Amino acid sequence: MKNRKILCAFLTALLCVTAVSCQKSEENNKTISTKNNESSSESESSTVEEKETVNETEQESKTEKSKSEEKVSAYGTMRDFSEYITATKVTPPMWKVTDPETNNQIYVMGTVHVLPESFTEFPDYVMDVYENSDGIAVEYDVTQIQSDIRALSAYQKMFMYDDGTTIKDHISEDTYNKVKAYFETIGAYSEPLNQFSAGYWYNQLSSIMLLRLENLSLTGVDSTFIENAKNDGKEVVNIETLDIQVGAIDGYSDELVDFLISEAIEEIDNIDEYAESLGELYDCWAKGEVDPMLDEETEEIEELPEDLKDDYEDYMDIMLYNRNKGMAEKASEFLKEGKNYLFMVGSAHYAGDKGVDDLLTEMGYTVEKVS
């Protein structure tokens, strides 16, 4: 199953875990070229006819040559993320929300939590709103955790079972053995990992896929503006609590996360499909198009085992739709208080007819797309 929507929803809560537990290190990103080297003796013994054949087919074998020179890391074969994106112009989705009673306004923007390394600047309409704001409102300011070792430790403990169970009690033995074996092959397994939730394990699998993409920065839109705001002396306000962020990442039933982990392991070598899906999501954001991010919902639900469809719907409520309501209420609170914030959350939170922008419209606010 192509987990485009699951990936999309995952990315709405990706910011916190990615920024804290899966930062790219120089060692992790060290790559080596794997080439089909021939020995000198074999090369010298090549006949003229063989050499002519190689020359004639050189252009036709570019793809095979590329594969033979693929870069690999400790996590597996690498891919260049820049090859999977098509957007050449960046126009992030943004709306102006006005309270008709007070005429108070707030701008809400969709973000992505990862960016291509080639990303250079935001368009003027985004920067104008930022420059004229008193601060920014983000899902959660992860720098609060990064700068405090005790906060980081407390955060990680939030993903640990506290009822005496381990992950072995929450996923099947077969799935556990498969994912454990994979973690062992990349040097990521240790006994204490069993205390962490199945959602955390699945999150780590997804994060490892991110680490296999070159020219991808884990410093996304949110983190970029958080840094800018602090440098500029602007306020940085959390829209959600850390409990909500963790709850979103851990929002699966045992049966659903077992299925997703098992499928992720089976597809672990399919880095191309993962990069393609992530590239499509980035392109949607860069083009200011949010609805396509969830346009495969029906198809994906149909591809799920029948007994997991209700679990999937419950998961989407926890991961996306319930959070949308809380975000809309927070934006409404800022409007009523006359707060001049640039409000930014993951773009998927605006997708479909249950998005933050739709909910604000239902509340009676005037919502206009900024182009």
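I began with G135 and found it opposite Y341 of β12. The model is predicted, so I take the pairing as computed from it.

I then looked up the strands on either side of that position. Strand β8 covers residues 135–138 and strand β12 covers residues 341–346. I noted 4 bridges between β8 and β12, in the parallel sense.

Next I traced the sheet. I read an open sheet of 6 strands, ordered β11-β8-β12-β6-β5-β13, and its pairing is mixed. At the edges I found β11 (235–238) and β13 (366–370), each of which pairs on one side only. From one strand to the next, I recorded an average twist of 25°.

I checked which helices pack on the sheet. Helix α7 (residues 124–131) does, and I listed its touches to β5 (94–98), β6 (105–111), β8, β12 and β13. The direction of α7 makes about 40° with that of β5. Helix α17 (residues 309–337) also packs on the sheet, touching β5, β6, β8, β11 and β12. For α17 I noted a direction about 180° from that of β12.

Last, I turned to a helix pair. The axes of α11 (residues 198–211) and α15 (residues 271–286) come within 10 Å, and I noted a crossing at roughly 85°. On the α11 side I listed S206, M209 and L210 in the contact, and on the α15 side I271, Y274 and L278. I sorted the residues of this contact into 5 nonpolar, 1 polar and no charged.

Conventions. Residues numbered from 1 in each chain as written. Predicted model: local features only at pLDDT ≥ 70, side-chain atom pairs only at ≥ 80, totals over all residues. Heavy atoms only, no water. Axes fitted to C-alpha atoms, helices over the stretch in contact; angles between N-to-C directions. Helix = DSSP H or I, 4+ residues; strand = E, 2+ residues; numbered from the N terminus. Contact = heavy atoms within 4.5 Å. Nonpolar A, V, L, I, M, F, W, Y, C, P; charged D, E, K, R; others polar. Pairing = 2+ DSSP bridges.
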